[in-house]
Amino acid sequence: MAYDMDPALAEIERKVEAGVSLSLEDGLALYRTHDIHNLGRIARAQKERKSGKNVYYVLNRYINSTNVCYANCKFCSFAADEFKQPERVFRMTADQVFAKALETGSNFNQIHIVGGHDPRQLSLDYWLPLMRRFKEALPHVQLSFFTAAEIEYMAKRHRMSIPEIVKTLKEAGLDNVNGGAAEIFAEETRKKICANKVSSENWIAIHEELHRQGVASNATMLYGHIESLEDRLDHMIRLRESQRRSPGFNAFIPLAYHPDGNELSHCGWTSGLDDLKTFAIARLMLDNFDHIKAYWMIQGLKICQVALQFGADDMDGTHGSTDEEMIYHAAGTQSGQYVDDREFRRLIEDAGYVAVRRNSTYDTFPYDWAPPVSEKEAVSVS
Ligand code: SF4
């Protein structure tokens, strides 16, 4: 029996091939289709127009430097109140962060650090010397630090404007800002899940300023909680418009909500089908983003490998073998902490793609690249 394509998808495919940006209504039609195979095919073709057969991964270190936070986001299982839950609190010193990053050697291309809004740690006095220290000891490593929420917090604390704090962080070595804290931009929903963190407007303004000053960034969307499909598509459209005004986003990363240990647990887990549709729809809605990342820590290695057939072209990074991601692990992720880079290459190649090692800004490296020996020696004696 012939397999009929969903007519709504045929019309959308024509728009995609003609380079016409999709509307919110197109996005709704994509979410509502049961024609998952054609949705994947159209997203995959768009991915291949952007990045050919390449699928990217990064050798990185991942550090959560503190979990002290009072923003009280309803979906968060990670934050701890220093006074009410002292037994849960951790706060690393700058020396501990530096030592942790080097615990498994210096052969990595990115350090990814995010933490809570900790009044005792989130300050330029803590971060600027540490950033300079990293840059001096590891010039081959890009600093992918903070989210827009952390940058706004520090700006307020130091009474600096956003352009001033971006300039200061850039001068200290900031290469890339992580895409977190975007959550969901739609204000009514945002008020219900994270009323005390950076507003949607400021999140976008901070990223646009980063891009104007030459600092790259990523963008995320937290989906699968109380948001509507319209909220998701509105979120993607706001990012697409922001990228037009002030280009500099490298990757979009759909983050599936995880329900353990937080106030939205009644929302449950996302389904595999919702995850795959969201990767594909992000690829098609965000026509001016080069990369859609399937972050194995969030949706799991197996879904993320399949996502490569649904428009994703990045699997994020190895993490160090002694790193401990805590944000998603506190919320119940079943993913481990570490994936060897050989495993990334196997998963990518088995999906029919070419595995490409990258850094935060998508400069590429041979898989067996290593930092110069003199740099390694400098690190080992410092
Ligand atoms: S999501 Fe971030 S800002 Fe919100 S409570 Fe958790 S650590 Fe704090």
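Biologist: Which residue in β11 is the bridge partner of R358?

Modeller: T364 is the bridge partner of R358 in β11. Some ground rules come next. This is a predicted model, where local features need pLDDT of at least 70, side-chain atom pairs count only at pLDDT 80 or more, and totals for chains, interfaces and linings use all residues. Residues are numbered from 1 along each chain as its sequence is written, and side-chain values use heavy atoms, leaving out hydrogens and water.

Back to the pairing. R357 also has a bridge partner in β11, namely F365. Two bridges join strand β10 (residues 354-358) to β11, and the two run antiparallel. Strands (E, at least two residues) and helices (H or I, at least four residues) are DSSP runs, numbered from the N terminus. Two strands pair if DSSP finds at least two bridges between them.

The hairpin of β10 and β11 has five residues between the strands. Among the hairpin's residues, Y362 takes a positive phi near 65 degrees. S360 also lies in the loop between β10 and β11. S360 has a relative accessible area of 1%, so it is buried (under 20% relative accessible area; exposed is over 50%, partly exposed in between; 1.4 Å probe, protein chains only). The side chains of S360 and Q110 make a polar contact of 2.8 Å. Such a contact is a pair of N or O atoms within 3.5 Å; within protein, one must be able to donate a hydrogen and the other to accept it, and residues adjacent in sequence count only if both atoms are side-chain atoms.

β10 itself is mostly covered, with four of its five residues buried. Strand β1 (residues 54-58) runs parallel to β10, and five bridges join them. In that pairing V58 stands opposite R358.

Now the whole sheet. It is open, has four strands in the order β9-β1-β10-β11, and its pairing is mixed. β9 (314-317) and β11 (364-365) stand at the edges with a single partner strand each, so one side of each lacks a neighbour in the sheet. Strands of a sheet pair through backbone hydrogen bonds, either parallel or antiparallel.

Next, the surroundings of this sheet. T318 sits in the loop between β9 and α14 (327-330). T318 counts as buried because its relative accessibility is 4%. The T318 side chain reaches the backbone nitrogen of N60 at 3.3 Å.

All five residues of strand β2 (residues 60-64) are buried, so the rest of the structure largely encloses it. Side chains alternate between the two faces of the sheet in a regular strand. In β2 both faces are covered: N60, Y62 and N64 are buried on one side, R61 and I63 on the other.

β2 pairs with strand β3 (residues 110-114) in the parallel sense, over five bridges. Y62 stands opposite H112 in β3. From β2 the chain crosses through helix α4 (residues 94-101) to β3, and this β-α-β crossover is right-handed. Right-handed here means that, with the strands pointing away from the viewer, the path from the first strand over the helix to the second runs clockwise.

β2 belongs to an open sheet of seven strands, ordered β2-β3-β4-β5-β6-β7-β8 with parallel pairing. Its edge strands are β2 and β8 (291-292), each pairing on one side only. Further in, strand β4 (residues 142-145) pairs in the parallel sense with strand β5 (residues 174-177) over two bridges. There L174 in β5 is the bridge partner of L143.

S51 is found in helix α3 (residues 36-51). With 7% relative accessibility, S51 counts as buried. Its side chain makes a polar contact of 2.9 Å with the side chain of D313.
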